Structures are given as structure tokens and as C-alpha cells.
Amino acid sequence: MNPEMAHDLTELLGQITGYIYPNEIEIQWSILIVVYPYITGLVAGAFILASLVKVFNVKEVQPTYRLALLTALAFLLVAPLPLLLHLGRPERFYEILLTPNVTSAMAMFGFVYAWYLMAVLLLEVWFEYRRDLIVMGAQERGLMGWIHRALSLFSHDTSEASLAFDRKAIRAITIIGIPSAFLLHGYVGFIFGSVKANPWWGSVLMPIVFLMSAIVSGIALVIFLYMMLAAIRKEPVNMPCLDTVTSYLFYAVIVDFSLEALDFIHRLYQSEESVKILGTLITHKLFMSLFVLQILIGMFIPLGILVVAKWRKLNEDGRKLLYFTAVILIQLGIFSTRWNVVIGGQLFSKSFRGLMAYKMEVMGIEGFLTALVLLAMPFLILAVLIRVLPTKRLADEAPKPA
Amino acid sequence: MNKRDFLKGLILFFPAGGVLGALANGSDAKEASPAKAGTADTAPKAGPKAYDPKSHYYGMGIEIDKCIGCNRCVEACKAENNVLQEPFFFRTWVERYVIKKDGDTVVESISVKGKASKDAAQEDSDVLRTFFVPKLCNHCVHPPCVQVCPVGATFATEDGVVLIDSKRCIGCRYCIQACPYGARYLDPRTKTADKCSFCYHRVRQGLLPACVEVCPTQARIFGDLKSKASRLVRFARMNKIHVLKPQLNTEPKVYYAQMDGEVR
């Protein structure tokens with residue numbers, strides 16, 4: 001055992017309150033496992049926003065459709081990385097695919113992930129972009145032209161019949177895609193919710209709470225990206241679109257909050273064996289991240305801001321400013337939600353007699369910097385994707401932005 | 001040798017070979033049978049070939065009132081299984097409970113410091129009762145760790161022992177999260193999960209687990225639940241027994257006698 005680790009654990013030993021089982025001193029799931037559900041949540045949320053257009057025919061949301069799809073794709077590509085980096089033996093990760101244990105929720109990750117990536121997102125993106133890829137591939141020369149032709153899988157058919165088929169296919173995929181997005185993130189919730197040893201996690205509501213908060217974070221992210229992109233391109237923001245999407249965001253936050261409040265009240269009212277230690281946990285260890293960041297800054301304040309923006313009849317600039325502030329606060333809140341679940345669930349002893357401490361590494365492979373890099377990566381991928389795959393349909397494309 | 005002699009020889013040779021073979025088998029059986037009778041408590045003393053996991057089902061009994069908190073089981077376990085000496089990794093550990101008259105309960109693991117701390121040991125008049133509780137992997141009948149392992153690296157053997165294949169474990173630590181008893185840890189040397197194995201390498205050779213072997217007061221009883229004459233079965237018959245966290249339905253196979261309700 002290296003002396004650095006011994007030193008760190010000895011330091012943590014001094015921060016214990018009450019009694020913990022001796023093996024519990026090491027916090028096993030680090031910040032990377034906070035990043036993982038945060039990222040998959042963004043994927044699921046962004047996809048569900050995109051499907052509003054295709055399945056429920058919400059025309060106002062159309063301007064964000066492609067951006068939402070690409071966002072989901074960019075984040076999905078990064079989603080397995082925090083898991084992989086967190087493994088003690090990452091070189092053995094393939095075992096989870098080759099010899100999965102069928103009773104393990106975690107073993108299903110590879111299959112859920114592959115299904116969602118291959119059968120849903122990539123397919124939908126391809127059908128959505130096929131016509132544009134063919135048009136661009138025919139016009140362009142050089143590398144970009146070649147890339148576009150390759151991405152269209154060298155199809156040439158832009159007849160009305162083939163386009164009608166594209167539209168039908170997209171609709172079908174979206175209809176399959178919604179339950180798949182629910183599966184992807186509900187499943188992540190199940191990984192935690194099915195752990196009966198841990199009363200902070202073990203709740204049947206966990207997958208549903210995860211899902212709702214995923215929708216909140218995904219919508220908020222797409223709004224953020226849409227506004228940023230408009231600012232970078234110096235284009236006007238489509239206000240009806242923004243107003244509609246923020247309304248959805250508003251209702252999603254309310255549902256999310258109601259579910260979490262229900263969970264909280266239910267625990268308090270049932271008052272099981274663990275209620276005392278969980279009470280100490282939230283007041284001593286999670287006060288800042290739960291009450292201040294998640295609930296006050298991540299929910300109440302953005303809800304207030306959205307209410308002000310909607311009912312005070314502000315002008316466009318005022319609304320934009322408020323929306324932008326709200327979505328950033330919401331992101332902060334949802335990240336805190338993930339933190340409170342993953343880290344919070346490991347800060348109390350399963351003897352229900354004491355609390356542990358988590359000291360985040362900064363430089364290490366499971367440290368703060370890795371988490372930052374992982375959170376930045378999807379944005380870089382998205383920047384590349386947007387360069388290759390325009391976020392607007394070609395027909396209504398203006399002369400040529402950025 | 002002509003053809004006739006050869007055939008005559010053959011007629012004699014095969015039956016004789018058969019008889020000799022039967023005799024040899026018989027002596028093998030004689031050798032094995034006392035060992036089987038002697039398995040009452042533990043495992044057969046015959047070689048690994050004669051060991052049949054189907055005919056055993058292991059568990060452990062712990063008589064709380066007999067434990068004196070000497071920590072020798074913990075030391076023996078660390079030595080036998082090459083467990084890291086640092087006080088963050090235990091396949092077994094001993095907890096000390098001090099229950100005060102006002103209902104306050106103070107628990108500590110004497111194994112972390114190697115001995116019970118003096119300040120907690122004072123014989124104050126406000127102490128109602130104190131006792132030690134050895135803890136280890138419960139080798140559950142329904143082990144949640146086995147259920148959640150994504151690659152099947154942790155598994156239950158036919159003879160009722162939950163083991164880890166450290167060559168297969170990917171170090172995801174889901175099993176550590178799923179264990180309600182805090183019995184597992186991540187070995188920083190191999191970056192794989194580790195925990196008590198009931199000293200499976202010893203048990204299969206008919207030996208007792210190291211912790212049971214060294215316990216000076218016989219507070220730990222190891223045995224075969226499938227053998228009526230086993231010490232464990234007798235222990236379960238003679239004591240009112242309890243298991244840890246029965247409400248989780250893991251069905252632990254470490255049985256405690258004289259267990260206080262404060263023990264979790």
C-alpha cells in the first residue's frame with residue numbers, strides 16, 4: 001500500500017463521527033461516479049426534448065431539434081468514460097460485455113448503452129441528416145465533401161418518396177427512443193435504487209426521480225447551448241421557441257421537486273431505523289449541497305426567476321437574461337443532486353452509527369481535474385459535430401454562418 | 001510361450017487384476033471413511049480428490065459472551081490471508097459495545113487500534129453492560145454482492161462459501177456498496193475486491209479457519225450445516241441464535257448467540 005493512501009485514510013480516520021465499520025473508511029465511488037449519472041441524465045433529457053418535436057408535434061421547439069439530438073449524441077459518447085476510468089482494473093472492462101452476470105444491474109450497462117447509441121441516436125441522426133448530407137456532399141469538394149458523402153453512407157436518393165420514408169423512420173425511432181431514453185436513465189437510477197443495504201439509495205422512486213431530474217437538466221442544457229450558439233453566430237434567438245421550451249423546463253422542475261419532496265416526506269413519515277442517521281447526514285454533511293445548492297439555488301431561485309420572466313411581461317432582452325441565469329442555476333442544482341445521491345450515500349455507515357468524510361482528489365485519475373475534463377469533453381465533441389452536421393435544415397439556411 | 005500358454009495366462013491375469021484392483025479400491029475406501037466420519041465438525045481430511053462440495057454447507061457460530069476481545073482472530077486472519085496490516089482493511093474485526101445506563105451505546109472497533117482504548121474501558125457506574133462482537137463476511141444464502149457483481153467475479157460455492165475471483169474482478173466496487181455488513185474492501189495492491197473466504201483453502205483440507213483455530217475461548221465455532229454431528233449444528237441447537245440485519249433477507253450463515261439488540 002502506498003504511503004500517500006495510508007496518509008489520506010489516516011487523516012479521514014480523524015474525521016469520523018460516531019462508529020463506522022472499519023472497511024467503510026474509504027469512499028469507493030468518487031466524483032467520477034457523480035459525473036456519470038449527470039452526463040447520462042443530460043443525454044436522456046436532451047433526447048426527450050428533441051422527441052417533443054417529432055412525436056408530439058410541438059412546432060415551436062423545432063429550432064432546437066437538431067441541436068438537442070447532437071447534444072445527446074455528444075454527451076452519450078463521453079458517458080462510458082467516467083465508468084471506465086473509475087474501474088480498479090479498467091483493462092478488464094470487456095468482461096462486462098463478454099461474460100455479463102445477468103442478475104447484475106450494472107452488467108446491463110453495455111447493452112442499454114449500445115442499444116441507445118446504435119438503435120436510437122445514431123439512426124435518428126442519420127435519417128434526420130441524410131438529405132442534407134447528400135446535398136452538401138454533392139456541392140463540396142475536398143475533405144469535407146468526402147466526410148459528408150461517407151456519413152451519408154454514399155446514398156444518393158433525395159426523391160420525395162425517400163424523404164417521406166426518412167420522416168416516417170424518424171418518427172418510428174423517436175417513438176422507440178422515448179422509452180429507450182427512459183430506460184437509459186431510469187436504469188442508472190435503478191443501479192442506486194436497488195441497493196437494499198443503503199437506505200439513502202434504496203428507494204423505488206429513485207429511477208423516477210433520476211428521470212425527472214434528467215429531463216430538467218437536459219432541457220436546461222439545450223436552452224443554454226441554443227442561446228450560446230445564437231450569441232456566437234450573432235443570430236437572433238427564436239423567442240417563441242425559447243418561451244415554449246422554458247415553459248416545459250418550468251413544469252419539469254416542478255414535477256422533479258414534487259417527486260423529491262414526496263421521497264423526503266415519505267422517509268420522514270415512515271421514520272425507519274435509518275431515519276436518525278440520515279437526518280444527521282443531511283444536516284451535518286449535505287447541508288450546503290442539498291439545502292443550499294440543490295434546493296434553494298438549483299430549484300427555488302430558478303423557479304422564481306422563470307415565474308418573473310413569464311408573468312411580468314418583460315421585454316425580450318430581460319427574458320433572455322433571466323432564462324439564461326435560470327438554466328445555469330438549474331445545472332448547478334442537478335449536479336448537486338447527483339453529488340448528494342452518490343457521495344451522500346457513502347458518507348454514513350451501514351451500522352447507522354456514524355458518518356464518514358470524503359476528501360476529493362485534485363490531480364489523481366479519480367480527481368477533480370479528470371471530472372472537469374470529462375465534463376468539458378462533450379462540449380468539444382459537440383463543437384466538432386456542429387461543424388460537420390449543421391443545426392439548421394439546409395433549405396432555410398442563411399448565406400453561411402461561422 | 002505358445003498360443004495355449006498365452007491364453008491360459010490371460011485367463012488368470014484378468015480376474016487376478018480385477019481382484020487386486022478391487023482390493024486397492026477397498027483400502028482407499030477404508031482410508032477415506034474414517035476421514036468422512038471425522039468431518040463431523042469441519043471438512044474431510046482426505047485429499048482434494050475425495051472432497052465433494054455437494055456434501056457440505058459451511059457456516060459459523062459466534063458465542064458473544066465468550067469473546068474477550070483479544071483481537072487474536074484478527075491478527076491470525078491478517079497473517080493467514082496476507083491482508084494489509086493498515087487499519088483500513090479487515091476480513092474480520094471485533095467490535096466493542098458499551099451500553100450505558102441512560103441507554104446511550106458507544107461502539108468502537110478494537111481491531112482498528114489493535115486493542116480496546118483505555119478510556120472506553122473504564123468501569124464506570126454508568127455502564128450497564130459491555131460485550132465484544134466479532135464480525136466477518138456472513139456468507140449469506142442470498143448474497144447481495146453476488147447478485148450485483150457485473151462480471152460474476154464474486155460467487156457462492158456449492159458448499160456455501162462466497163468467494164472472489166481476483167483475476168476476474170474489474171474493481172467496480174458495486175459489491176462493496178451492496179454488502180450491508182461492511183465486510184468488503186478494495187485491496188489497493190490488486191485493485192480488486194477482497195473479503196473473508198472462511199479460509200476456504202484450509203477448510204477444503206479439513207482444517208479450521210484461522211480465526212477459529214486461534215480463538216482462546218472458542219467463541220467462534222465453524223462447522224458443516226449438512227452434518228448432524230457438526231459442532232455448528234449442536235451450537236444452533238443449544239443456543240437461541242440470531243443473525244445480523246435479518247430484515248434484509250440475505251440469510252446470513254454467521255449465527256450469533258447472546259446477541260444484543262444494539263448490534264447491527
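**View 1. The residues of chain A around Q177(B) in this predicted model.** Leaving aside residues up to four places away in sequence, Q177(B) touches Q28(A), W29(A), V195(A), A197(A), W201(A), Q346(A) and K350(A), where contact means heavy atoms within 4.5 Å. With one of these residues, Q346(A), the side chain of Q177(B) also makes a polar contact through its own side chain, at 2.9 Å; a polar contact is a pair of N or O atoms within 3.5 Å, of which, within protein, one must be able to donate a hydrogen and the other to accept it, and residues adjacent in sequence count only if both atoms are side-chain atoms.

**View 2. The setting of Q177(B) in chain B.** Q177(B) lies in helix 5 of chain B, which covers residues 174-178; helices are DSSP runs of H or I with at least four residues, numbered from the N terminus. The relative accessible area of Q177(B) is 5%, so this residue is buried, a word that stands for under 20% relative accessible area with a 1.4 Å probe, protein chains only.

**View 3. Chain A, the partner in these contacts.** Of the 402 residues in chain A, 55% are buried. Among the contacts in chain A with a separation of 6 or more, 81% join residues 24 or more positions apart.

**Notes on the views.** Residues are numbered from 1 along each chain as its sequence is written, while chains are lettered from A and ligands numbered from 1 in the order in which they are written. The model is predicted, so local features need pLDDT of at least 70 and side-chain atom pairs count only at pLDDT 80 or more, whereas totals for chains, interfaces and linings use all residues, and side-chain values use heavy atoms, with hydrogens and water left out.

Conventions:
Helix = DSSP H or I, 4+ residues; strand = E, 2+ residues; numbered from the N terminus. Buried < 20%, exposed > 50% of the residue type's maximum accessible area, 1.4 Å probe, protein only.
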